[in-house]
Amino acid sequence: MAPGILDATHVACAETRPSKKVKLSEAADVLTDEVDDVATAVPSHPLDIKPAGNAYTASENIKAHSGSFARLPDELLNHVFESFDADSLVRLGSTCRFLYAFTRLDELWRALFVSSPPDNFQWRSTWRSTYLGTAEERATFFSCKHLFSDVLYRPFQCANLTLEPFVTNVPSQNAIQRLQNLTREEYSEKWTGKPFILTAPVKEWPVYGKWTPEYLLKKYPDVEFRAEAVDWPMSKYIDYMTNSRDESPLYVFDRAFVEKTGITTDRDAPDAAYWSPDCFGEDLFGVLGEYRPDCRWMILGPKRSGSTFHKDPNATNAWNAVLTGCKYWLMFPSSSALPPPPGVILSDDQSEITSPLSIAEYLLTFHSLARSTPGCREGICYAGEILHVPSGWFHLVLNLEDSLALTQNFVPRKRLPDVLGFLQDQRDQVSGFKEDICDQAYEIFVERLGEKHPDVLKEGLAELEKKARKGRGKWEELTKADEEQAEGGFSFGFGFGDGDEDEETP
Ligand SMILES: O=C(O)CCC(=O)C(=O)O
Ligand SMILES: [Fe+2]
(Lines give C-alpha, C1' and ligand atoms only; values in the text may rest on other atoms or scores of the structure.)
(Ligands and ions follow the chains in the order given, each with its own letter.)
Protein backbone atom coordinates (compact mmCIF):
# COMPACT_ATOMS: atom_id res chain seq x y z
CA MET A 1 0.00 0.00 0.00
CA ALA A 2 1.30 3.44 -0.86
CA PRO A 3 2.28 5.49 2.19
CA GLY A 4 -0.53 7.64 3.42
CA ILE A 5 -3.27 5.70 1.69
CA LEU A 6 -5.37 3.55 3.94
CA ASP A 7 -8.02 1.08 2.99
CA ALA A 8 -10.96 2.49 4.86
CA THR A 9 -12.70 -0.86 5.20
CA HIS A 10 -10.01 -2.20 7.46
CA VAL A 11 -8.75 0.82 9.28
CA ALA A 12 -10.23 2.83 12.04
CA CYS A 13 -9.33 6.10 13.50
CA ALA A 14 -11.32 9.24 14.03
CA GLU A 15 -10.25 10.77 10.72
CA THR A 16 -10.57 7.76 8.41
CA ARG A 17 -14.07 6.36 8.08
CA PRO A 18 -15.49 3.81 5.69
CA SER A 19 -17.29 5.57 2.85
CA LYS A 20 -20.64 4.24 1.81
CA LYS A 21 -23.28 5.81 -0.44
CA VAL A 22 -26.49 6.18 1.55
CA LYS A 23 -29.60 8.32 1.42
CA LEU A 24 -29.17 11.43 3.52
CA SER A 25 -31.99 10.40 5.84
CA GLU A 26 -30.15 7.17 6.66
CA ALA A 27 -26.74 8.71 6.86
CA ALA A 28 -26.70 9.54 10.53
CA ASP A 29 -27.69 6.03 11.62
CA VAL A 30 -25.26 4.32 9.28
CA LEU A 31 -22.43 6.56 10.34
CA THR A 32 -23.09 5.88 14.00
CA ASP A 33 -23.22 2.12 13.35
CA GLU A 34 -20.06 2.18 11.29
CA VAL A 35 -18.12 4.19 13.80
CA ASP A 36 -19.28 1.78 16.49
CA ASP A 37 -18.32 -1.29 14.42
CA VAL A 38 -15.00 0.13 13.46
CA ALA A 39 -14.26 1.35 16.94
CA THR A 40 -14.79 -2.15 18.32
CA ALA A 41 -12.75 -3.63 15.50
CA VAL A 42 -9.62 -1.49 15.84
CA PRO A 43 -8.57 0.22 19.05
CA SER A 44 -6.75 3.52 18.75
CA HIS A 45 -2.96 3.43 18.67
CA PRO A 46 -1.59 3.21 22.24
CA LEU A 47 0.57 6.29 21.60
CA ASP A 48 -2.21 8.06 19.64
CA ILE A 49 -0.15 7.96 16.44
CA LYS A 50 -2.15 8.42 13.21
CA PRO A 51 -1.50 7.40 9.58
CA ALA A 52 0.65 9.79 7.50
CA GLY A 53 -2.27 10.80 5.27
CA ASN A 54 -4.01 12.38 8.24
CA ALA A 55 -1.31 15.04 8.42
CA TYR A 56 -2.84 16.80 5.41
CA THR A 57 -5.89 17.91 7.35
CA ALA A 58 -4.27 18.27 10.78
CA SER A 59 -3.87 21.64 12.44
CA GLU A 60 -0.74 20.58 14.29
CA ASN A 61 2.15 18.25 13.47
CA ILE A 62 4.89 17.54 16.01
CA LYS A 63 7.33 16.70 13.22
CA ALA A 64 7.49 20.42 12.44
CA HIS A 65 9.37 21.11 15.66
CA SER A 66 11.28 17.90 16.28
CA GLY A 67 14.77 18.78 15.06
CA SER A 68 17.02 17.30 12.36
CA PHE A 69 16.05 13.63 12.73
CA ALA A 70 12.48 14.55 11.77
CA ARG A 71 13.66 15.80 8.37
CA LEU A 72 14.65 12.28 7.32
CA PRO A 73 12.03 10.13 5.61
CA ASP A 74 10.42 7.86 8.23
CA GLU A 75 11.62 4.67 6.54
CA LEU A 76 15.20 5.90 6.54
CA LEU A 77 15.02 7.00 10.16
CA ASN A 78 13.66 3.62 11.17
CA HIS A 79 16.40 1.93 9.18
CA VAL A 80 19.05 4.02 10.95
CA PHE A 81 17.60 3.05 14.32
CA GLU A 82 17.87 -0.62 13.39
CA SER A 83 21.61 -0.26 13.89
CA PHE A 84 21.34 1.38 17.32
CA ASP A 85 21.91 -0.48 20.56
CA ALA A 86 19.43 -0.52 23.44
CA ASP A 87 21.19 2.18 25.45
CA SER A 88 21.22 4.62 22.51
CA LEU A 89 17.54 3.98 21.78
CA VAL A 90 16.58 4.58 25.41
CA ARG A 91 18.58 7.83 25.62
CA LEU A 92 17.36 9.16 22.31
CA GLY A 93 13.79 8.25 23.19
CA SER A 94 13.89 10.46 26.25
CA THR A 95 14.66 13.64 24.28
CA CYS A 96 11.33 14.43 22.58
CA ARG A 97 7.97 12.90 21.72
CA PHE A 98 8.92 12.32 18.09
CA LEU A 99 12.00 10.26 18.97
CA TYR A 100 10.15 8.65 21.86
CA ALA A 101 7.65 7.25 19.34
CA PHE A 102 10.27 6.10 16.84
CA THR A 103 12.43 4.39 19.45
CA ARG A 104 9.38 2.59 20.86
CA LEU A 105 8.68 0.67 17.65
CA ASP A 106 8.63 -2.83 19.07
CA GLU A 107 10.14 -4.44 15.97
CA LEU A 108 13.44 -2.68 16.84
CA TRP A 109 13.39 -4.36 20.24
CA ARG A 110 12.40 -7.74 18.83
CA ALA A 111 15.49 -7.62 16.61
CA LEU A 112 17.69 -6.63 19.58
CA PHE A 113 16.23 -9.48 21.62
CA VAL A 114 16.78 -12.07 18.90
CA SER A 115 20.37 -10.98 18.25
CA SER A 116 21.30 -11.08 21.96
CA PRO A 117 18.64 -12.76 24.08
CA PRO A 118 18.94 -11.84 27.78
CA ASP A 119 19.40 -14.76 30.19
CA ASN A 120 16.42 -15.76 32.31
CA PHE A 121 14.10 -13.24 30.76
CA GLN A 122 10.42 -13.02 31.59
CA TRP A 123 7.94 -12.14 28.84
CA ARG A 124 6.48 -8.71 29.66
CA SER A 125 3.93 -7.94 26.92
CA THR A 126 6.32 -6.07 24.64
CA TRP A 127 9.77 -6.86 23.29
CA ARG A 128 11.06 -3.58 24.70
CA SER A 129 9.92 -4.29 28.27
CA THR A 130 11.11 -7.89 27.97
CA TYR A 131 14.53 -6.88 26.67
CA LEU A 132 15.00 -4.16 29.26
CA GLY A 133 13.38 -6.19 32.05
CA THR A 134 10.95 -3.38 32.81
CA ALA A 135 7.97 -4.33 34.94
CA GLU A 136 4.73 -3.73 33.07
CA GLU A 137 3.40 -1.29 35.63
CA ARG A 138 6.54 0.82 35.19
CA ALA A 139 6.25 1.08 31.41
CA THR A 140 5.52 4.69 30.43
CA PHE A 141 3.07 5.81 27.76
CA PHE A 142 3.21 9.38 26.50
CA SER A 143 0.64 10.53 24.02
CA CYS A 144 2.09 11.41 20.61
CA LYS A 145 -1.18 12.85 19.46
CA HIS A 146 -0.01 15.00 16.60
CA LEU A 147 2.38 12.52 15.08
CA PHE A 148 1.48 11.13 11.64
CA SER A 149 3.53 8.22 10.32
CA ASP A 150 2.76 5.07 8.34
CA VAL A 151 6.01 3.48 9.45
CA LEU A 152 4.80 3.71 13.04
CA TYR A 153 1.09 3.21 12.40
CA ARG A 154 1.14 0.34 9.91
CA PRO A 155 2.43 -2.45 12.19
CA PHE A 156 -0.33 -1.51 14.63
CA GLN A 157 -2.90 -1.43 11.84
CA CYS A 158 -1.77 -4.85 10.60
CA ALA A 159 -1.72 -6.33 14.12
CA ASN A 160 -5.35 -5.28 14.54
CA LEU A 161 -6.64 -6.11 11.09
CA THR A 162 -10.10 -7.68 11.03
CA LEU A 163 -9.47 -11.01 9.32
CA GLU A 164 -13.02 -12.06 8.59
CA PRO A 165 -13.55 -10.19 5.28
CA PHE A 166 -10.52 -11.95 3.80
CA VAL A 167 -11.47 -15.49 4.71
CA THR A 168 -15.22 -15.48 4.12
CA ASN A 169 -17.26 -15.40 0.90
CA VAL A 170 -14.75 -17.63 -0.88
CA PRO A 171 -15.76 -17.74 -4.59
CA SER A 172 -17.09 -21.23 -5.33
CA GLN A 173 -14.47 -21.94 -8.00
CA ASN A 174 -11.73 -21.24 -5.42
CA ALA A 175 -13.07 -23.45 -2.64
CA ILE A 176 -10.74 -26.25 -1.62
CA GLN A 177 -12.70 -29.48 -1.87
CA ARG A 178 -13.65 -31.23 1.38
CA LEU A 179 -13.63 -35.03 1.44
CA GLN A 180 -14.88 -37.23 4.20
CA ASN A 181 -12.92 -40.32 3.27
CA LEU A 182 -10.36 -41.22 0.71
CA THR A 183 -8.85 -44.58 -0.18
CA ARG A 184 -5.19 -45.09 -1.13
CA GLU A 185 -6.29 -45.88 -4.66
CA GLU A 186 -8.44 -42.78 -4.99
CA TYR A 187 -5.64 -40.61 -3.62
CA SER A 188 -3.07 -42.10 -5.96
CA GLU A 189 -5.32 -41.97 -9.02
CA LYS A 190 -6.84 -38.55 -8.60
CA TRP A 191 -5.58 -36.43 -5.75
CA THR A 192 -1.76 -36.35 -5.45
CA GLY A 193 -1.63 -33.10 -7.44
CA LYS A 194 -4.64 -31.35 -5.87
CA PRO A 195 -5.31 -29.62 -2.55
CA PHE A 196 -8.16 -31.00 -0.45
CA ILE A 197 -9.35 -31.07 3.16
CA LEU A 198 -10.02 -34.44 4.77
CA THR A 199 -12.70 -34.02 7.36
CA ALA A 200 -12.37 -37.29 9.31
CA PRO A 201 -9.05 -39.01 10.09
CA VAL A 202 -7.47 -36.74 12.73
CA LYS A 203 -10.36 -37.41 15.07
CA GLU A 204 -9.09 -41.00 15.45
CA TRP A 205 -5.70 -39.92 16.78
CA PRO A 206 -5.08 -40.15 20.55
CA VAL A 207 -3.44 -36.71 20.44
CA TYR A 208 -6.67 -35.19 19.12
CA GLY A 209 -8.63 -33.75 22.03
CA LYS A 210 -5.62 -34.31 24.30
CA TRP A 211 -2.92 -32.06 22.88
CA THR A 212 -3.91 -28.45 23.38
CA PRO A 213 -1.72 -25.42 24.22
CA GLU A 214 -2.85 -25.84 27.87
CA TYR A 215 -1.82 -29.50 27.87
CA LEU A 216 1.60 -28.71 26.41
CA LEU A 217 2.08 -26.01 29.04
CA LYS A 218 1.21 -28.39 31.84
CA LYS A 219 3.18 -31.37 30.54
CA TYR A 220 6.27 -29.68 29.05
CA PRO A 221 6.67 -26.28 30.77
CA ASP A 222 10.47 -26.41 30.74
CA VAL A 223 11.03 -28.21 27.44
CA GLU A 224 12.46 -25.85 24.82
CA PHE A 225 10.75 -25.67 21.45
CA ARG A 226 11.96 -23.89 18.35
CA ALA A 227 10.09 -20.70 17.46
CA GLU A 228 11.72 -19.19 14.35
CA ALA A 229 15.09 -17.87 15.57
CA VAL A 230 14.69 -18.72 19.28
CA ASP A 231 14.38 -21.82 21.46
CA TRP A 232 12.00 -21.12 24.32
CA PRO A 233 10.59 -23.26 27.13
CA MET A 234 6.92 -23.94 26.45
CA SER A 235 5.90 -21.87 29.50
CA LYS A 236 7.60 -18.76 28.09
CA TYR A 237 6.18 -19.29 24.64
CA ILE A 238 2.63 -19.65 25.98
CA ASP A 239 3.13 -16.46 28.01
CA TYR A 240 4.17 -14.73 24.80
CA MET A 241 1.41 -16.30 22.76
CA THR A 242 -1.32 -15.15 25.11
CA ASN A 243 0.07 -11.72 25.82
CA SER A 244 1.71 -10.05 22.84
CA ARG A 245 0.71 -7.68 20.08
CA ASP A 246 3.12 -8.51 17.27
CA GLU A 247 2.03 -8.01 13.70
CA SER A 248 3.77 -11.29 12.72
CA PRO A 249 3.82 -13.32 15.93
CA LEU A 250 6.70 -15.67 16.63
CA TYR A 251 5.65 -19.14 15.49
CA VAL A 252 6.67 -22.50 16.97
CA PHE A 253 7.87 -24.77 14.17
CA ASP A 254 9.61 -27.65 15.91
CA ARG A 255 11.00 -30.57 13.94
CA ALA A 256 12.15 -32.53 17.00
CA PHE A 257 8.82 -32.52 18.87
CA VAL A 258 8.46 -36.32 18.74
CA GLU A 259 11.80 -36.81 20.50
CA LYS A 260 11.14 -33.92 22.92
CA THR A 261 7.72 -35.18 23.98
CA GLY A 262 8.62 -38.89 23.83
CA ILE A 263 5.49 -39.84 21.88
CA THR A 264 5.27 -42.87 19.60
CA THR A 265 4.28 -42.39 15.97
CA ASP A 266 4.55 -45.95 14.70
CA ARG A 267 1.07 -46.69 13.43
CA ASP A 268 1.12 -50.28 14.67
CA ALA A 269 2.35 -49.50 18.18
CA PRO A 270 -0.38 -49.80 20.84
CA ASP A 271 0.60 -46.40 22.27
CA ALA A 272 0.85 -44.55 18.93
CA ALA A 273 -0.09 -40.88 19.45
CA TYR A 274 -0.78 -40.13 15.78
CA TRP A 275 0.09 -41.56 12.38
CA SER A 276 0.02 -40.64 8.73
CA PRO A 277 -3.52 -41.20 7.40
CA ASP A 278 -3.71 -44.41 5.41
CA CYS A 279 -4.86 -42.76 2.17
CA PHE A 280 -1.45 -41.12 1.64
CA GLY A 281 0.12 -44.58 1.25
CA GLU A 282 3.81 -45.32 1.42
CA ASP A 283 6.25 -42.43 1.77
CA LEU A 284 9.15 -43.14 -0.59
CA PHE A 285 11.54 -40.93 1.42
CA GLY A 286 11.21 -43.66 4.08
CA VAL A 287 13.90 -45.63 2.19
CA LEU A 288 16.45 -42.96 3.15
CA GLY A 289 16.56 -44.13 6.78
CA GLU A 290 19.20 -42.12 8.65
CA TYR A 291 19.59 -39.84 5.60
CA ARG A 292 15.95 -38.83 5.59
CA PRO A 293 15.48 -35.02 5.48
CA ASP A 294 13.38 -33.22 8.11
CA CYS A 295 9.84 -34.36 7.60
CA ARG A 296 7.57 -33.54 10.55
CA TRP A 297 6.88 -30.48 12.63
CA MET A 298 4.70 -29.38 15.51
CA ILE A 299 3.29 -25.94 14.74
CA LEU A 300 1.91 -23.64 17.43
CA GLY A 301 0.99 -19.99 17.22
CA PRO A 302 -1.53 -17.34 18.25
CA LYS A 303 -4.26 -15.89 16.08
CA ARG A 304 -2.65 -13.93 13.18
CA SER A 305 0.50 -16.04 13.15
CA GLY A 306 1.14 -18.18 10.10
CA SER A 307 3.33 -18.91 7.11
CA THR A 308 3.94 -16.46 4.26
CA PHE A 309 3.92 -17.79 0.68
CA HIS A 310 6.33 -20.65 0.10
CA LYS A 311 6.62 -24.04 -1.60
CA ASP A 312 7.45 -27.08 0.50
CA PRO A 313 10.97 -28.50 0.34
CA ASN A 314 12.33 -30.92 -2.24
CA ALA A 315 9.07 -31.03 -4.24
CA THR A 316 7.46 -33.13 -1.51
CA ASN A 317 3.73 -33.35 -0.77
CA ALA A 318 2.52 -32.61 2.76
CA TRP A 319 -0.41 -32.96 5.08
CA ASN A 320 -1.21 -30.48 7.83
CA ALA A 321 -3.53 -31.60 10.64
CA VAL A 322 -5.18 -29.06 12.94
CA LEU A 323 -5.47 -30.23 16.55
CA THR A 324 -6.85 -26.99 17.99
CA GLY A 325 -7.88 -23.69 16.37
CA CYS A 326 -8.29 -23.20 12.63
CA LYS A 327 -6.25 -22.12 9.62
CA TYR A 328 -7.04 -20.20 6.46
CA TRP A 329 -5.16 -21.49 3.40
CA LEU A 330 -4.50 -19.55 0.19
CA MET A 331 -2.92 -21.75 -2.48
CA PHE A 332 -1.68 -21.57 -6.08
CA PRO A 333 -0.33 -24.21 -8.45
CA SER A 334 3.07 -23.50 -9.94
CA SER A 335 4.75 -24.21 -13.22
CA SER A 336 7.41 -22.46 -15.20
CA ALA A 337 4.64 -21.47 -17.62
CA LEU A 338 2.66 -19.69 -14.88
CA PRO A 339 3.49 -16.43 -13.15
CA PRO A 340 3.94 -16.69 -9.36
CA PRO A 341 0.98 -15.69 -7.17
CA PRO A 342 0.26 -11.93 -7.06
CA GLY A 343 2.74 -10.18 -4.75
CA VAL A 344 5.23 -13.06 -4.78
CA ILE A 345 8.58 -12.26 -6.34
CA LEU A 346 10.83 -14.98 -7.69
CA SER A 347 14.58 -14.65 -8.10
CA ASP A 348 15.87 -14.28 -11.68
CA ASP A 349 16.46 -18.01 -12.08
CA GLN A 350 12.91 -18.63 -10.73
CA SER A 351 14.39 -20.62 -7.89
CA GLU A 352 13.96 -18.51 -4.77
CA ILE A 353 10.81 -16.95 -3.43
CA THR A 354 10.89 -13.53 -1.89
CA SER A 355 7.63 -12.66 -0.24
CA PRO A 356 8.61 -9.45 1.48
CA LEU A 357 5.23 -8.65 2.99
CA SER A 358 3.84 -9.82 6.30
CA ILE A 359 0.64 -11.85 6.05
CA ALA A 360 -1.51 -8.89 7.12
CA GLU A 361 0.15 -6.58 4.59
CA TYR A 362 -0.33 -9.22 1.93
CA LEU A 363 -4.03 -9.45 2.74
CA LEU A 364 -4.44 -5.68 2.62
CA THR A 365 -2.50 -5.28 -0.59
CA PHE A 366 -2.94 -8.38 -2.74
CA HIS A 367 -5.74 -10.54 -1.41
CA SER A 368 -8.48 -9.37 -3.73
CA LEU A 369 -6.20 -9.75 -6.76
CA ALA A 370 -5.08 -13.18 -5.55
CA ARG A 371 -8.69 -14.24 -5.08
CA SER A 372 -9.56 -13.39 -8.69
CA THR A 373 -6.42 -14.98 -10.18
CA PRO A 374 -7.06 -18.27 -12.04
CA GLY A 375 -5.81 -21.29 -10.13
CA CYS A 376 -6.36 -19.72 -6.70
CA ARG A 377 -7.63 -22.14 -4.05
CA GLU A 378 -8.83 -21.11 -0.57
CA GLY A 379 -10.31 -22.78 2.45
CA ILE A 380 -10.43 -23.01 6.20
CA CYS A 381 -9.15 -26.16 7.89
CA TYR A 382 -10.78 -26.66 11.30
CA ALA A 383 -9.67 -28.69 14.31
CA GLY A 384 -9.89 -32.40 13.55
CA GLU A 385 -9.33 -31.85 9.83
CA ILE A 386 -6.29 -32.33 7.64
CA LEU A 387 -5.23 -30.36 4.60
CA HIS A 388 -3.27 -31.83 1.69
CA VAL A 389 -0.57 -29.69 0.07
CA PRO A 390 0.40 -30.99 -3.39
CA SER A 391 4.03 -31.00 -4.48
CA GLY A 392 5.15 -27.61 -5.82
CA TRP A 393 2.08 -25.57 -4.79
CA PHE A 394 2.58 -22.11 -3.32
CA HIS A 395 0.73 -21.62 -0.05
CA LEU A 396 0.09 -18.92 2.54
CA VAL A 397 -1.39 -20.00 5.88
CA LEU A 398 -3.03 -17.80 8.50
CA ASN A 399 -4.16 -18.91 11.97
CA LEU A 400 -7.63 -17.52 12.60
CA GLU A 401 -7.41 -18.55 16.26
CA ASP A 402 -4.61 -19.77 18.51
CA SER A 403 -3.75 -23.01 16.71
CA LEU A 404 -1.82 -26.21 17.27
CA ALA A 405 -1.07 -28.43 14.29
CA LEU A 406 1.08 -31.32 13.14
CA THR A 407 2.48 -31.52 9.65
CA GLN A 408 4.37 -34.13 7.68
CA ASN A 409 6.06 -34.06 4.28
CA PHE A 410 6.16 -37.17 2.14
CA VAL A 411 6.75 -38.56 -1.34
CA PRO A 412 3.82 -40.46 -2.84
CA ARG A 413 4.68 -42.80 -5.69
CA LYS A 414 2.84 -40.67 -8.24
CA ARG A 415 5.03 -37.63 -7.46
CA LEU A 416 8.33 -39.52 -7.50
CA PRO A 417 9.38 -38.01 -10.87
CA ASP A 418 8.90 -34.48 -9.42
CA VAL A 419 11.14 -35.28 -6.48
CA LEU A 420 13.78 -37.04 -8.58
CA GLY A 421 13.82 -34.11 -11.01
CA PHE A 422 14.09 -31.59 -8.19
CA LEU A 423 16.93 -33.40 -6.40
CA GLN A 424 18.79 -33.81 -9.68
CA ASP A 425 18.28 -30.41 -11.30
CA GLN A 426 17.85 -28.01 -8.40
CA ARG A 427 20.71 -29.16 -6.20
CA ASP A 428 21.35 -25.74 -4.73
CA GLN A 429 17.78 -25.67 -3.40
CA VAL A 430 17.75 -29.13 -1.84
CA SER A 431 17.10 -28.66 1.87
CA GLY A 432 16.45 -30.45 5.15
CA PHE A 433 19.08 -33.14 4.59
CA LYS A 434 22.10 -33.31 6.87
CA GLU A 435 24.30 -30.55 5.55
CA ASP A 436 27.13 -32.69 4.26
CA ILE A 437 24.91 -34.77 1.99
CA CYS A 438 22.65 -32.09 0.50
CA ASP A 439 24.54 -32.14 -2.81
CA GLN A 440 24.41 -35.95 -3.03
CA ALA A 441 20.75 -36.31 -2.07
CA TYR A 442 19.77 -37.44 -5.59
CA GLU A 443 22.41 -40.16 -5.76
CA ILE A 444 21.67 -41.46 -2.25
CA PHE A 445 17.92 -41.51 -2.88
CA VAL A 446 18.32 -43.33 -6.20
CA GLU A 447 20.65 -45.88 -4.61
CA ARG A 448 18.39 -46.58 -1.63
CA LEU A 449 15.20 -46.67 -3.68
CA GLY A 450 16.90 -49.00 -6.18
CA GLU A 451 17.77 -51.40 -3.36
CA LYS A 452 14.30 -51.44 -1.81
CA HIS A 453 11.91 -50.81 -4.71
CA PRO A 454 13.76 -51.27 -8.02
CA ASP A 455 10.54 -51.32 -10.05
CA VAL A 456 9.28 -48.10 -8.53
CA LEU A 457 12.61 -46.40 -9.24
CA LYS A 458 12.63 -47.68 -12.83
CA GLU A 459 9.14 -46.39 -13.42
CA GLY A 460 9.95 -43.03 -11.76
CA LEU A 461 13.08 -42.51 -13.87
CA ALA A 462 11.25 -43.51 -17.04
CA GLU A 463 8.50 -41.01 -16.26
CA LEU A 464 11.10 -38.32 -15.60
CA GLU A 465 12.75 -39.07 -18.94
CA LYS A 466 9.38 -38.96 -20.68
CA LYS A 467 8.66 -35.55 -19.20
CA ALA A 468 12.08 -34.31 -20.31
CA ARG A 469 11.53 -35.56 -23.85
CA LYS A 470 8.09 -34.03 -23.99
CA GLY A 471 9.48 -30.72 -22.84
CA ARG A 472 12.34 -30.89 -25.28
CA GLY A 473 10.01 -31.73 -28.14
CA LYS A 474 7.82 -28.77 -27.40
CA TRP A 475 10.75 -26.42 -27.05
CA GLU A 476 12.33 -27.59 -30.25
CA GLU A 477 9.08 -27.12 -32.07
CA LEU A 478 8.71 -23.62 -30.72
CA THR A 479 12.25 -22.56 -31.50
CA LYS A 480 12.85 -24.39 -34.77
CA ALA A 481 13.01 -21.26 -36.88
CA ASP A 482 15.34 -19.53 -34.43
CA GLU A 483 17.59 -22.57 -34.27
CA GLU A 484 17.93 -22.76 -38.01
CA GLN A 485 19.25 -19.25 -38.01
CA ALA A 486 21.40 -19.64 -34.93
CA GLU A 487 25.15 -19.67 -35.37
CA GLY A 488 26.05 -21.89 -32.44
CA GLY A 489 24.20 -24.31 -30.20
CA PHE A 490 22.67 -23.54 -26.84
CA SER A 491 21.60 -25.57 -23.88
CA PHE A 492 18.98 -25.36 -21.21
CA GLY A 493 17.78 -27.33 -18.20
CA PHE A 494 14.39 -28.63 -17.14
CA GLY A 495 12.75 -28.37 -13.74
CA PHE A 496 10.19 -30.84 -12.48
CA GLY A 497 9.08 -29.40 -9.19
CA ASP A 498 6.07 -27.86 -10.77
CA GLY A 499 2.93 -29.76 -9.97
CA ASP A 500 0.78 -31.35 -12.62
CA GLU A 501 2.00 -29.63 -15.72
CA ASP A 502 3.75 -31.77 -18.25
CA GLU A 503 4.85 -28.99 -20.50
CA GLU A 504 8.02 -27.28 -19.45
CA THR A 505 9.67 -24.32 -21.04
CA PRO A 506 13.10 -23.16 -19.96
O1 LIG B 1 0.45 -24.38 9.57
C2 LIG B 1 1.15 -23.62 8.88
O3 LIG B 1 1.49 -22.49 9.21
C4 LIG B 1 1.60 -24.11 7.53
C5 LIG B 1 2.79 -24.94 7.61
C6 LIG B 1 3.42 -25.18 6.30
O7 LIG B 1 3.08 -24.65 5.29
C8 LIG B 1 4.51 -26.08 6.23
O9 LIG B 1 4.79 -26.79 7.18
O10 LIG B 1 5.16 -26.14 5.18
FE1 LIG C 1 4.34 -25.43 3.69
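# Close-up views of the predicted model

**View 1. Cysteines without a bond.** The sulfur of cysteine 326 sits 9.1 Å from the closest cysteine sulfur, the one in cysteine 381, which is too far for a bond. The structure holds zero disulfides, a disulfide being a pair of cysteine sulfur atoms within 2.5 Å. As a reminder, a disulfide is a covalent bond between the sulfur atoms of two cysteines. Cysteine 326 is buried, at 5% relative accessible area. Cysteine 438 is buried too, with a value of 18%. (Buried means under 20% relative accessible area, exposed means over 50%, and partly exposed is in between, using a 1.4 Å probe and protein chains only.)

**How to read these views.** This is a predicted model, so local features need pLDDT of at least 70 and side-chain atom pairs count only at pLDDT 80 or more, while totals for chains, interfaces and linings use all residues. Residues are numbered from 1 along each chain as its sequence is written, chains are lettered from A and ligands numbered from 1 in the order in which they are written, and side-chain values use heavy atoms, with hydrogens and water left out.

**View 2. The whole protein chain, for orientation.** The chain has 16 helices and 15 strands. Both are DSSP runs numbered from the N terminus: helices are H or I with at least four residues, strands are E with at least two. Of the 506 residues in the chain, 49% are buried. Among contacts with a separation of 6 or more, 77% join residues 24 or more positions apart; a contact means heavy atoms within 4.5 Å.

View 3. (Axes are lines fitted to C-alpha atoms, for helices over the stretch in contact, and angles run from 0 to 180 degrees between N-to-C directions.) Now zoom in on one pair: β7 and β14 (residues 394-399) run antiparallel over three bridges, and two strands count as paired if DSSP finds at least two bridges between them. Glycine 306 has leucine 398 of β14 as its bridge partner.

**View 4. The iron ion (ligand 2) and its protein donors.** His310 (NE2), Asp312 (OD) and His395 (NE2) are the protein donors, lying 2.1 Å from the iron ion. Donors here are N, O and S atoms within 2.8 Å of the metal (3.2 Å for Na, K and Ca); water is not among the atoms, so sites may look incomplete. Along the sequence, the donor residues follow the spacing H-x1-D-x82-H. Histidine 310 is partly exposed, at 25% relative accessible area, whereas aspartate 312 is buried, at 15%.

**View 5. Asparagine 314, a polar side chain in a buried spot.** Asparagine 314 lies in the loop between β7 and β8 (317-324). With 2% relative accessibility, asparagine 314 counts as buried. A polar atom of the asparagine 314 side chain lies 2.7 Å from the backbone oxygen of serine 431. (A polar contact is a pair of N or O atoms within 3.5 Å; within protein, one must be able to donate a hydrogen and the other to accept it, and residues adjacent in sequence count only if both atoms are side-chain atoms.) Leaving out residues up to four places away in sequence, asparagine 314 touches several residues, including Phe285, Pro293, Phe422 and Phe433.

View 6. β8 pairs with β15 (residues 403-410) in the antiparallel sense over seven bridges, and alanine 321 has leucine 406 of β15 as its bridge partner. β8 also pairs with β13 (residues 386-389), again antiparallel, over four bridges. There, alanine 318 stands opposite valine 389.

**View 7. Two loop residues with positive phi.** Serine 125 is not a glycine, yet its phi is near 75 degrees. Serine 125 is found between α5 (106-115) and α6 (127-132), and is buried at 7% relative accessible area. Glutamate 228, also not a glycine, has a phi of about 50 degrees. Its loop connects β3 (224-227) and β4 (230-233), and glutamate 228 counts as partly exposed at 40% relative accessibility.
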